[in-house]
There are 2 protein chains.
Amino acid sequence: MSDQLQDPGTTAEHPGVAALFAVLAYGELAAFERLAREAEMSPDLRGRIAIGSMAAAQMRHFDDLAAELAARGLDVVEATAPFEPVISRYHARTTPRNWNEALVKAYIGNGLAADFYSEVARALPAGPGAVVSEVLSDTERSGFVVDRIREALATNPALRSPLTLWGRRLLSEAITQAQEVLATRDELAALLFEASADLPGVTQFFESLQTRHAERMATLGLG
Amino acid sequence: MSDQLQDPGTTAEHPGVAALFAVLAYGELAAFERLAREAEMSPDLRGRIAIGSMAAAQMRHFDDLAAELAARGLDVVEATAPFEPVISRYHARTTPRNWNEALVKAYIGNGLAADFYSEVARALPAGPGAVVSEVLSDTERSGFVVDRIREALATNPALRSPLTLWGRRLLSEAITQAQEVLATRDELAALLFEASADLPGVTQFFESLQTRHAERMATLGLG
């Protein structure tokens with residue numbers, strides 16, 4: 001019920017906070033579902049475990065964010081469902097065709113999410129900011145992916161060019177869909193880019209994501 | 001490496017303990033993978049969340065058990081891989097064909113695992129017993145399933161008979177594969193049924209599982 005989003009309870013909280021937790025929650029659920037499916041592409045048990053662990057971590061983030069929505073009197077399904085189309089569009093356009101693409105997507109997607117959380121936490125009031133930082137603190141489990149991609153590139157240097165293109169596509173689709181969310185949810189854009197003097201603005205926000213994406217690609221041996 | 005199972009480190013630990021943690025760990029990983037896949041059968045977002053949360057809980061159990069294997073100097077992949085065939089056989093023979101079968105399997109499978117953990121914890125020395133009890137404490141998240149199955153039966157009483165047969169098959173396949181494990185891993189049978197005066201024996205062990213299974217079927221409105 002959208003009117004619940006207008007009434008975040010007894011605290012005079014910015015309405016963008018609930019919308020932010022809702023879009024992050026749906027993003028975590030979708031990431032869990034995709035990573036769990038992609039773990040099955042692993043050629044071996046070690047990969048199933050590593051990507052399965054990353055998947056389960058996303059569901060823990062979802063649980064944390066769902067608890068925040070519940071604490072605001074919101075039904076988690078009603079609050080998150082509006083974000084299903086845009087996040088499904090991202091995943092539909094970035095479905096890995098093989099294990100290496102799945103690994104790169106796991107690493108790049110996890111990293112983009114961490115950067116996004118980190119930027120967002122700075123823009124939030126202390127309470128919601130702490131929630132986002134807490135979720136973020138559990139995001140780092142990607143050493144396995146770095147090792148595997150570097151091994152794959154050492155064994156087969158011809159993978160470098162297609163995986164570099166793949167990494168660029170992941171970033172561009174993520175930015176496209178994030179901009180779509182900001183364009184259609186005024187309260188989110190207001191929360192992130194108007195309420196804070198710390199954040200210089202939407203352009204710089206996405207430029208920062210791009211810079212750190214390039215660093216991650218370099219860590220993988222791509223780009 | 002099987003010789004590692006003979007040498008569980010500096011403590012003079014029963015060799016069945018490491019084997020027990022390994023079979024439980026692989027069981028949790030497989031349960032995670034199956035539940036994550038079955039969550040996709042849900043007709044709605046609420047079901048995806050409920051079964052996704054159950055899946056993620058299994059992966060947490062896996063992480064706990066993997067940490068115990070690592071603490072014993074064992075590689076988690078090498079330790080758990082021998083149990084892949086028997087656990088895969090259980091899941092291959094109990095693949096749900098629809099959402100109601102998936103829900104019943106999630107509930108019955110979770111319950112059987114909890115019973116098994118509970119019985120096993122009693123047979124173990126204090127240290128490993130506490131590990132098993134700790135994993136077990138996180139197993140209860142099945143209220144959603146009970147509500148949904150009872151609703152489905154109220155709407156369509158013809159579901160009762162096929163879902164009752166399905167529940168019986170889940171128990172019978174679980175017992176078949178558990179007996180297979182005990183028959184081929186002497187150290188496990190010795191740990192569970194010889195080292196303890198508390199447990200009356202393998203027959204009573206499986207009878208106890210059957211009694212509690214019948215109670216769970218009744219909770220669902222089946223049987």
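**Entry 1**

I began with the axes of α3(A) and helix α3 (residues 45-71) of chain B, which come within 9 Å and cross at roughly 125°. I take axes as lines fitted to C-alpha atoms, for helices over the stretch in contact, with angles from 0 to 180 degrees between N-to-C directions. Helices here are DSSP runs (H or I, at least four residues), as strands are (E, at least two), numbered from the N terminus. α3(A) and α3(B) are therefore oblique to each other. α3(A) passes α3(B) in a left-handed crossing. That term applies if the near helix is turned anticlockwise from the far one by less than a right angle; clockwise is right-handed.

I listed the contact next. α3(A) gives A:Gly52, A:Ser53, A:Ala56, A:Met59, A:Arg60 and A:Asp63, and α3(B) gives B:Gly52, B:Ser53, B:Ala56, B:Met59, B:Arg60 and B:Asp63. Contact means C-beta atoms, placed from the backbone, within 7 Å. By class, these residues divide into 4 nonpolar, 4 polar and 4 charged. I count Ala, Val, Leu, Ile, Met, Phe, Trp, Tyr, Cys and Pro as nonpolar, Asp, Glu, Lys and Arg as charged, and the others, Gly among them, as polar.

**Entry 2: ground rules**

The model is predicted: local features need pLDDT of at least 70, side-chain atom pairs count only at pLDDT 80 or more, and totals for chains, interfaces and linings use all residues. Residues are numbered from 1 along each chain as its sequence is written, while chains are lettered from A and ligands numbered from 1 in the order in which they are written.

**Entry 3: the chain A and chain B interface**

I looked up the whole interface. 18 residues of chain A are in contact with 18 residues of chain B. On the chain A side, α2 (15-39), α3 (45-71) and α4 (76-80) each supply at least two residues. α3(A) gives the largest share, 10 residues. This side of chain A holds 11 nonpolar, 2 polar and 5 charged residues.

**Entry 4: symmetry**

How does chain A superpose on chain B? A rotation of 180° with 0.0 Å of shift along its axis does it, at RMSD 0.0 Å. The two copies are thus related as by a two-fold rotation axis. A:Ala56 has the C-alpha nearest the axis in chain A, 2.3 Å from it. The same surface serves both copies, as 100% of the contact residues of chain A recur in chain B.

**Entry 5: helix pairs inside chain B**

I checked helix α6 (residues 99-123) against helix α8 (residues 143-155), both of chain B. Their axes come within 10 Å and cross at roughly 140°. α6(B) and α8(B) are therefore oblique to each other. The crossing of α6(B) past α8(B) is left-handed. Their contact has 8 nonpolar, 1 polar and 1 charged residues.

I then took helix α2 (residues 15-39) and helix α10 (residues 186-193) of chain B, whose axes come within 8 Å and cross at roughly 105°. α2(B) and α10(B) are therefore roughly perpendicular to each other. B:Pro15, B:Gly16, B:Val17, B:Ala19 and B:Leu20 in α2(B) meet B:Glu187, B:Leu188, B:Ala190 and B:Leu191 in α10(B). This contact has 7 nonpolar, 1 polar and 1 charged residues.

How values were computed
Contact = placed C-beta atoms within 7 Å. Parallel < 35°, antiparallel > 145°, perpendicular 65-115°, else oblique. Least-squares fit on C-alpha atoms with pLDDT ≥ 70 in both.
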